[in-house]
Structure formats: structure tokens, C-alpha cells
Amino acid sequence: HRLTAGPSSPNFTLSEQILQHLEIQQHIHAFVDSSPSRVEFSFVEPPEEELARTLALPTYCGFDVALAFSRKIPFKRLCPQLSLATPPWWFYNDQERLFEEARRLLRSGIPLLCKANEGTGGTSIGGMYKVETLHQFESLISTLRQSQWQFFLEKFILDKIADIAVHWEIT
């Protein structure tokens, strides 16, 4: 069953568009009727919580946890408590201090990813930049300053560190 919540707008997520169209909400209710249904979101932000509440449908996520850790920085802060390894990363609320840290790391030969705290989409939407030289970083600074997102630095892990082969023998 397919519903169209458009016309689509790059300014709104799908959840926001559904929230704006009562007729789409009514179609969803008619589709699920009284059958046991749940909503599964590919990413969780406040509009998804509002949509689930508006539709009065249960979800596969717990918003209290999902919203708290939908941003990369809070999740990365949690990882050591769970013994989950992450690449080394740096974050400062002071953007100029973050830029100085990037310069220091790049001068030391450490390639970086400048990553947005929010969202997904990475390089395709300007939420992540790979920086290997100080010159690359200096040319990126104005873009980072103008961005709506909060950025942090993460050590770039080489694309390929080792080959692993698995061999099975049946005798």
C-alpha cells in the first residue's frame, strides 16, 4: 500500500509532512484499522515522536533513549561506559578551540573527519568532511562556521588495515 505525503519539500522530513496533512493521517489509520501495528522510523528526532503520538501508534523505539542518543556526541560519550571502542574523537563547545585542535592534529599527521553531531547523510549533505592536510582544513573553516550543525573531530581510520581470510575445511 503506497501513500503520497507530498508534494515533497526538502525543508521537511517525511514525518513533518505527514503531520501537516490530516488526510494522510486518516489514510494511515484506515490502513492499519484495528490490526496490531507499530511504526518503525529510520531515524528518530522530535517530529517522529510527535507523529507517533498524533497517530496513537506504538513504535519499535523508546523515545526517551532514542532521542537522548540520536546525536553522535552523547552516543560517543556513552560508548566507553559500555566498553565499546570508537576512533579517537575531540569535541569542544568553543568552535575556535575545536579548530585549534584540528590544526594541532593535522600538523601531527593525523587525518580527520569533521562530523556533524546531528543527523545522517554524511558527505552527501555536508555533515562530514574528510581532512588530511592543514590546507584542506583552512579552506573548510568558513563552511563549518556557516553550518547549522555542531561539529566534532574524529580520527580517520584507514580504509584498509588488514585482510582477513576465513578458511573452512570439511573432512
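A residue is called buried at under 20% relative accessible area, exposed at over 50% and partly exposed in between, judged with a 1.4 Å probe and protein chains only. At 0% relative accessibility, F152 therefore counts as buried. The model is predicted: local features need pLDDT of at least 70, side-chain atom pairs count only at pLDDT 80 or more, and totals for chains, interfaces and linings use all residues. Residues are numbered from 1 along each chain as its sequence is written, and side-chain values use heavy atoms, with hydrogens and water left out.

The protein has seven helices and four strands. The order from the N terminus on is α-α-α-α-α-β-α-β-β-α-β. Of the 171 residues in the protein, 33% are buried.

The segment before α1 (14-20) contains P7. P7 counts as exposed because its relative accessible area is 73%. Ten residues separate P7 from Q17 in sequence, and their C-alpha atoms are 8.9 Å apart in space.

Strand β2 covers residues 112-116. Five of its five residues are buried. Both faces are covered. L112, C114 and A116 lie on one side of β2, L113 and K115 on the other. Two strands are taken to pair if DSSP finds at least two bridges between them. β2 pairs with strand β3 (residues 128-131) in the antiparallel sense, over four bridges. Here K115 has M128 as its bridge partner in β3. β2 also pairs with strand β4 (residues 151-155), again in the antiparallel sense. This pairing runs over five bridges. L112 stands opposite K155 in β4.

Aromatic contacts were examined next. A pair of aromatic rings is described by the distance of the centres and the angle of the planes. Rings of Phe, Tyr and Trp (its six-membered ring) pair if their centres lie within 6.5 Å; planes under 30 degrees apart count as stacked, over 60 as edge-to-face and the rest as tilted. The structure holds four aromatic pairs. One of them is the tilted pair of F41 and F63, at 6.3 Å centre to centre and 55 degrees between the planes. This pair links distant parts of the chain, 22 residues apart. F41 is in the loop between α2 (22-32) and α3 (46-55), F63 in helix α4 (residues 63-68). Both F41 and F63 are buried.

W89 and F152 form an edge-to-face pair, because their ring centres are 5.9 Å apart and their planes stand at 80 degrees. This pair, too, links distant parts of the chain: W89 in strand β1 and F152 in strand β4, 63 residues apart. W89 counts as partly exposed because its relative accessibility is 22%.

A charge also meets a ring. R38 lies over the face of Y60, at 5.6 Å from the ring centre. Such a contact requires NZ of Lys or CZ of Arg within 6 Å of the ring centre and within 35 degrees of the ring normal.

On the surface, V65, F69, F75, L82 and L84 form a nonpolar patch. Together they have about 440 Å² of accessible area, by the Shrake-Rupley method with a 1.4 Å probe, where for residues only the protein chains shown count as cover. Patch residues have over 30% relative accessible area and no salt bridge; nonpolar side chains (Val, Leu, Ile, Met, Phe, Trp, Tyr) are joined within 5 Å, like charges within 9 Å. A salt bridge is a side-chain nitrogen of Lys or Arg within 4 Å of a carboxyl oxygen of Asp or Glu. L84 is in the loop between α5 (72-78) and β1 (89-90). L84 counts as partly exposed because its relative accessibility is 43%.

Conventions. Helix = DSSP H or I, 4+ residues; strand = E, 2+ residues; numbered from the N terminus.
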